[in-house]
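Visitor: I would like to go through this model with a few plain questions.

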Amino acid sequence: FSMFEQAQIQEFKEAFTIMDQNRDGFIDKNDLRDTFAALGRLNVKQEEIDDMLKEAPGPINFTVFLTMFGEKLKGADPEETILNAFKVFDPEGKGTLKKEFVTEMLTTQADRFSAEEVSQMFQAFPPDVAGNLDYKNLVYVITHGEEKDQE
């Protein structure tokens with residue numbers, strides 16, 4: 001638990017409470033199905049739910065839930081590391097990259113994105129009218145989970 005700040009633990013507790021639909025202190029198949037339903041996914045396959053539950057070493061109480069998140073987040077790159085990767089392609093430090101350039105890089109280098117993955121990314125992070133991707137905001141969302149307030 002030492003990897004999380006108190007505020008993060010509180011956020012995980014709130015998420016756990018929301019997911020624990022029957023309020024018994026454990027997340028089970030029915031809780032997951034109800035959570036998916038609340039998010040608008042009504043036809044979740046039983047195998048998908050079973051696979052999620054198999055990731056846990058046993059019944060999912062809050063301690064197990066937090067431990068599982070810790071394991072998932074371990075190895076996630078810190079914000080500065082991800083920003084520096086983008087800055088390699090932005091020597092002028094503008095904070096944006098051309099959509100076409102980002103698409104080419106993502107589809108031709110290293111762990112290549114599919115056309116569908118690129119499309120999903122640009123749906124979630126649309127470029128501005130000039131076709132520029134605000135990578136600083138993208139990195140913030142990747143590492144913090146929500147957009148910065150526009151000032």
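Predicted model: local features only at pLDDT ≥ 70, side-chain atom pairs only at ≥ 80, totals over all residues.

Guide: Residues are numbered from 1 along each chain as its sequence is written, and side-chain values use heavy atoms, with hydrogens and water left out.

Visitor: Which residues does UniProt list for "domain: EF-hand"?

Guide: UniProt positions are in the numbering used here, feature names are shortened, and annotations may be inferred rather than shown by experiment. The entry is unreviewed, and for this domain UniProt lists residues 7-42 and 77-112.

Visitor: How far apart are the end C-alpha atoms of residues 7-42?

Guide: Helices (H or I, at least four residues) and strands (E, at least two) are DSSP runs, numbered from the N terminus. Over residues 7-42 the chain is 64% helix and 0% strand, and the distance between the end C-alpha atoms is 32 Å.

Visitor: Is H2 parallel or oblique to H3?

Guide: Axes are lines fitted to C-alpha atoms, for helices over the stretch in contact, and angles run from 0 to 180 degrees between N-to-C directions. The axes of H2 (residues 29-38) and H3 (residues 46-54) come within 10 Å and cross at roughly 120 degrees. Angles under 35 degrees count as roughly parallel, over 145 as roughly antiparallel, 65 to 115 as roughly perpendicular and the rest as oblique. H2 is therefore oblique to H3.

Visitor: Which residues of H3 meet H2?

Guide: Contact means heavy atoms within 4.5 Å. From H2, Lys29, Leu32, Arg33 and Phe36 take part, and they meet Gln46, Glu48, Ile49, Asp50, Met52 and Leu53 in H3.

Visitor: Is Thr35 buried or exposed?

Guide: Thr35 lies in helix H2 and, leaving aside neighbours within four places in sequence, is in contact with Ile18, Met19 and Gln21. Buried means under 20% relative accessible area, exposed over 50%, and partly exposed in between (1.4 Å probe, protein chains only). At a relative accessible area of 12%, Thr35 is buried.

Visitor: And Leu42, buried or exposed?

Guide: Leu42 is found in the loop between H2 and H3. With 62% relative accessibility, Leu42 counts as exposed.

Visitor: Which residues of H7 make the contact with H6?

Guide: The axes of H6 (residues 99-108) and H7 (residues 115-124) come within 10 Å, crossing at roughly 140 degrees. H6 contributes Lys99, Val102, Thr103, Leu106 and Thr107, and H7 contributes Val118, Met121 and Phe122.
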